[in-house]
Amino acid sequence: MTYLKYKGYLGTIEPDLESGALYGKLAFIRDLVTYEAIDLKSLEHEFRASVDGYLEDCKELGKAPDTPCKGSFNVRVGHDLHMAASVVASRENISLNDLARRALSEYIMNHAE
């Protein structure tokens with residue numbers, strides 16, 4: 001999927017097949033922020049306006065805006081994989097977080113578009 005990007009936010013691009021319009025939402029945040037337009041250039045403008053409006057609304061409400069992908073997430077891998085990863089991390093004298101970070105980085109490098 002291709003994303004719009006602005007101020008650290010990513011936005012989706014989706015077609016409405018019936019009307020021919022485009023719409024989207026901010027990706028990877030809990031708050032729902034949407035936008036819509038009739039062409040791609042207008043959609044990007046509406047996306048940027050939605051990000052700016054969202055940040056302004058959060059400021060007025062005294063609320064911290066959601067940020068996409070804060071850098072921490074839980075992964076359930078099962079007992080055996082958890083144990084094996086812990087043993088390897090210990091043997092390599094690195095943390096389990098470092099092992100997971102390295103494994104994810106390697107996977108992404110080998111599967112990037």
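In helix H1, the residues Leu 43, Phe 47, Ser 50, Val 51, Tyr 54 and Cys 58 are buried (under 20% relative accessible area with a 1.4 Å probe, protein chains only; exposed means over 50%). They sit on the same side of H1, because they cover an arc of only 100° around the axis, going by the directions from the axis to the C-beta atoms. Keep in mind that this is a predicted model, where local features need pLDDT of at least 70 and side-chain atom pairs count only at pLDDT 80 or more. Residues are numbered from 1 along each chain, and side-chain values use heavy atoms, leaving out hydrogens and water.

**The helix itself**
- H1 covers residues 40-61 and reaches 31 Å from its first C-alpha to its last, close to the 32 Å expected (1.5 Å times one less than its number of residues).
- Turned away from the buried side, you'll find the exposed residues Lys 41, His 45, Lys 59 and Glu 60.
- Strands E1, E2, E4 and E5 are among what covers the buried residues.

**The two ends**
- Asp 39 caps the N-terminal end, with a side-chain oxygen 3.3 Å from the backbone nitrogen of Lys 41.
- Just after H1, Gly 62 takes a positive phi of about 70°.

**Aromatic rings**
- The whole structure has four aromatic pairs (ring centres within 6.5 Å; planes over 60 degrees apart count as edge-to-face, under 30 as stacked and the rest as tilted).
- Tyr 9 and Tyr 54 pair edge-to-face, 6.2 Å centre to centre with 85° between the planes.
- Tyr 9 lies in strand E2 and Tyr 54 in helix H1, so this pair ties together parts 45 residues apart in sequence.
- Tyr 6, Tyr 35 and Phe 47 form one aromatic cluster.

Key. Helices (H or I, at least four residues) and strands (E, at least two) are DSSP runs, numbered from the N terminus. Contact means heavy atoms within 4.5 Å. A polar contact is a pair of N or O atoms within 3.5 Å; within protein, one must be able to donate a hydrogen and the other to accept it, and residues adjacent in sequence count only if both atoms are side-chain atoms. Rings of Phe, Tyr and Trp (its six-membered ring) pair if their centres lie within 6.5 Å; planes under 30 degrees apart count as stacked, over 60 as edge-to-face and the rest as tilted.
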